[in-house]
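Biologist: Could you walk me through this one from the start? I'd like to learn how to read its features.

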Amino acid sequence: MNIIIAGCGKVGQKLAERLNDERDHNITVVDVRSSVVHDLINQYDINGVVGSSINIDDIKEAGIKDADILIAVTGSDELNMLTCLLAKKLGNCRTIARVRKPEYVRTLDLFKEELGLAMIINPERAAARVIARILRFPSAIQIDTFAKGRIEILKFKIPENSVLHNYKVQDIVGVLKCDVLVCGVERGCETYIPGGNFVMQSGDLVSIVAPINGEDAFFKKIGFKTYGVKNAIIVGGGDTAYYLAGRLTESGISVKIIEQNSERCDELCNKFPKATIINGDGTDNRLLMEEGLGTAEAFISLTNIDEENIMLSLYAKSKSNAKIVTKINRIAYDNVINTLDLGSVIYPKNITAENIIRFVRAKKNSFGSSIETMHFILDGKAEALEFIVPKNSPIADVPIGELNLKSNLLIACINRGGKFIIPRGNDIIRTGDSVIVVTQKSGFDDISDILR
């Protein structure tokens, strides 16, 4: 596919990296900063145009007439929408726009229709949705949903002296009698898609796939909390906090937001009368303790400065038993950040890239089984993909044990009419089934890609 990425910020760079790793994409980036464009074309096998995405000559040079998809992720919502409008006038491609401002939320559907947008992505709103999901089940570090919310992949850390220490993966079903499947393990720098004889250890980060009504029993048996939080402290009153406060207050969770800007506090007070808005410095340790950090059930650091978020989360960890959520904007330091105990780390730019790449793969595959859902898991080293099995699929009506599957791949779940099936060698996938696949390979856009 011919893909144009307008805007080479953190999201544009992540998209260029991910899409360059996949098959059959011709990628062109457009940005006014020559140094950024040249760095990308030197680093990856892609093309670049130094210029503006709303300049007709520049966008023509980028190949808009032959483009299949244009992705507008510049720093300006208005520029992104204008870029997509121009692309529709000059070419015949599908367009994706990043739109972030809360004031555009109620008019997004109108924009989408009038501008001919195939997709609109809001990173802060998507991040808020992820955080709210985690606070519903705080024992998990990360939660990804499939099958329209009926099935989840949950990541958690095995603590010291856990019942799971030295457990084989197969013992979870055989001994604990729980309807879950271990689909990934992170141990130090290593990542595994484990077989039944894999032995788990304390300190491992384990990902399981489970139906939404079956995960409670598993976590209760291993001694984890299974109830959601009742109150939360949010530091930083930006757009992510705006979207998150709306979700949490609607769910009956008591919300306290600490924000330095007095005008922003007034806006938040008017919008969320049920929340408590504190005009103050969220990095002031004394203020945090006065506002109840010691007894808080959740602490979410959402300032625009990564270093502040990291220090705030570490401090909250030392002073409370709260569920910690840390927002990180810069992706470059993720290896260092992963060594810190920051609770659930949220990368809005990764969430954005994930949603866009799923759309690109779905549109690439015009026939057969397109991707229903896709998430990056195991610290981004694996993908979990959900496919609907079409008629005449080569994997249908064949016992799983007889399929010639690629290596480092696991068929993690079969959803048949709402029935959750942990697949075994004798199980057979049927036409119409929803199948979740976990793989360390990249670029799958059809269920048949799991075969050698």
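Modeller: Let's begin with a definition: a residue is buried under 20% relative accessible area, exposed over 50%, and partly exposed in between, using a 1.4 Å probe and protein chains only. Arg 264, at 18% relative accessibility, therefore counts as buried. As for the source, this is a predicted model, where local features need pLDDT of at least 70 and side-chain atom pairs count only at pLDDT 80 or more, while totals for chains, interfaces and linings use all residues. Residues are numbered from 1 along each chain as its sequence is written, and side-chain values use heavy atoms, leaving out hydrogens and water.

Biologist: Which residue forms a salt bridge with Arg 264?

Modeller: First the idea: side chains of opposite charge can pair when their charged atoms come close. The cut-off for a salt bridge is a side-chain nitrogen of Lys or Arg within 4 Å of a carboxyl oxygen of Asp or Glu. Here the partner is Glu 267, with the closest N and O atoms 2.9 Å apart. Both lie in helix α10 (residues 262-271), three residues apart, about one turn of the helix. Helices (H or I, at least four residues) and strands (E, at least two) are DSSP runs, numbered from the N terminus. Glu 267 is partly exposed, at 44% relative accessibility.

Biologist: How many salt bridges does a search of the whole structure find?

Modeller: It finds 13. One of them joins Glu 215 and Arg 136 (3.9 Å, N to O). That pair links distant parts of the chain, 79 residues apart: Glu 215 sits in helix α8 (residues 215-221) and Arg 136 in helix α6 (residues 123-136). Glu 215 is buried, with a relative accessible area of 0%, whereas Arg 136 is partly exposed at 35%. Arg 136 and Glu 215 also belong to a salt-bridge network with Glu 152.

Biologist: And what is the strand order in the open sheet of six strands?

Modeller: Strands pair if DSSP finds at least two bridges between them. The order here is β3-β2-β1-β4-β5-β6, with parallel pairing. At the edges are β3 (47-50) and β6 (119-121), each pairing on one side only. Looking inside the sheet, β1 (residues 2-6) and β2 (residues 26-31) pair in the parallel sense over five bridges, and Ile 5 stands opposite Val 29 in β2.

Biologist: Thanks, I'll look for Ile 5 opposite Val 29.
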